[in-house]
Amino acid sequence: MEKELQKRIYSSIIIIPFSLFFLIKGSIFFTFFLSILFLVTSYEWIILCKKNPIGKILGIIFLLFSFYSAHQIRDLLGINSFILVIFICVFTDTGGYIFGKFFKGPKLIKISPNKTYAGVLGGFLLAIISGLVFENFYSTDIHTYLEIFISHSVETQLLIFVLIISLVSQIGDLIVSYFKRLAKVKDTGKIIPGHGGILDRIDGLIFAIPISYLILIL
């Protein structure tokens with residue numbers, strides 16, 4: 001367990017700055033980065049659903065829309081709004097892991113035996129804290145779009161947005177876990193030491209990003 005945790009930490013130290021570089025540069029760099037991620041994630045999905053042709057096709061279509069949404073959020077709303085969505089998803093996942101390991105308690109669902117009710121609450125809690133902290137340090141244009149979504153105070157707008165995206169992120173995690181269970185595999189790939197495949201790391205994001213796009217743009 002400790003070796004796996006060390007691998008996760010070392011991999012993250014490399015992946016995070018690498019990803020931020022393309023995200024900050026934007027333009028053709030970000031498009032190139034998203035294209036590579038899309039191809040790798042699509043390949044992992046195809047392997048995962050090799051015995052489910054309908055799921056395979058629908059999944060690729062969904063991934064295409066998800067990565068398109070990521071490009072549009074970064075391009076139209078700016079880098080701060082995009083990073084805010086990433087923050088919500090990352091800390092949702094982190095909160096779920098920490099609270100689940102520390103408090104344990106009743107299991108949430110059979111398709112993902114490591115998920116607990118404590119983890120769900122921890123995911124929401126850290127997502128809210130990260131969203132509020134991020135908003136206090138970085139000025140974003142997200143409120144301009146949130147005003148269309150709901151007419152309340154800035155804090156209420158942000159809280160509702162964070163809760164929705166955190167919930168969607170957790171549901172996305174469960175959906176991918178369901179397909180992994182069907183395929184009888186632990187991870188979608190082995191490209192990232194300690195993490196598994198790309199899809200294992202962005203399972204919540206690929207659902208949260210298009211929902212964010214629909215809320216903020218449409």
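Where does lysine 184 lie? Lysine 184 sits in the loop between helix 7 (154–183) and helix 8 (198–202); helices (H or I, at least four residues) and strands (E, at least two) are DSSP runs, numbered from the N terminus. You are looking at a predicted model, in which local features need pLDDT of at least 70, side-chain atom pairs count only at pLDDT 80 or more, and totals for chains, interfaces and linings use all residues. Residues are numbered from 1 along each chain as its sequence is written, and side-chain values use heavy atoms, with hydrogens and water left out.

At 78% relative accessibility, lysine 184 counts as exposed. Here exposed means over 50% relative accessible area, buried means under 20%, and partly exposed lies in between (1.4 Å probe, protein chains only). The phi of lysine 184 is near 60 degrees, a positive value in a residue other than glycine. Most residues other than glycine have a negative phi.

Now step back to the whole chain. The protein has nine helices and two strands, and from the N terminus on they run α-α-α-α-β-β-α-α-α-α-α. Of the 218 residues, 42% are buried. Among contacts (heavy atoms within 4.5 Å) between residues at least 6 apart in sequence, 70% join residues at least 24 apart.

Helix 2 (residues 27–48) holds glutamate 44. Glutamate 44 is buried yet has no salt bridge, a salt bridge being a side-chain nitrogen of Lys or Arg within 4 Å of a carboxyl oxygen of Asp or Glu. The nearest side chain of opposite charge, lysine 180, is 9.3 Å away; Lys and Arg count as positive and Asp and Glu as negative, while His and the chain ends are not counted. Leaving aside neighbours within four places in sequence, glutamate 44 is in contact with Thr188, Gly189, Ile191, Gly197, Ile198 and Leu199. Tyrosine 43, also found in helix 2, is exposed, with a relative accessible area of 56%. Tyrosine 43 and glycine 189 are 146 residues apart in sequence, and their C-alpha atoms are 9.6 Å apart in space.

Next comes helix 3 (residues 53–77). Helix 3 has 25 residues and reaches 36 Å from its first C-alpha to its last, close to the 36 Å expected at 1.5 Å a residue; the expected span is 1.5 Å times one less than the number of residues. Buried residues in helix 3 include Gly55, Gly59, Leu63, Ser66 and Phe67. Isoleucine 61, in helix 3, is exposed, with a relative accessible area of 51%. Just after helix 3, glycine 78 takes a positive phi of about 100 degrees.

Further along, helix 5 (residues 117–137) has 21 residues and reaches 31 Å from its first C-alpha to its last, close to the 30 Å expected. Among its buried residues are Gly119, Gly122, Gly123, Leu126 and Phe134.

Finally, turn to helix 9 (residues 205–216). Its twelve residues should span 16 Å at 1.5 Å a residue, and the end C-alpha atoms are 16 Å apart, which agrees. Helix 9 is mostly covered, as ten of its twelve residues are buried; these include Leu205, Ile206, Phe207, Pro210 and Tyr213.
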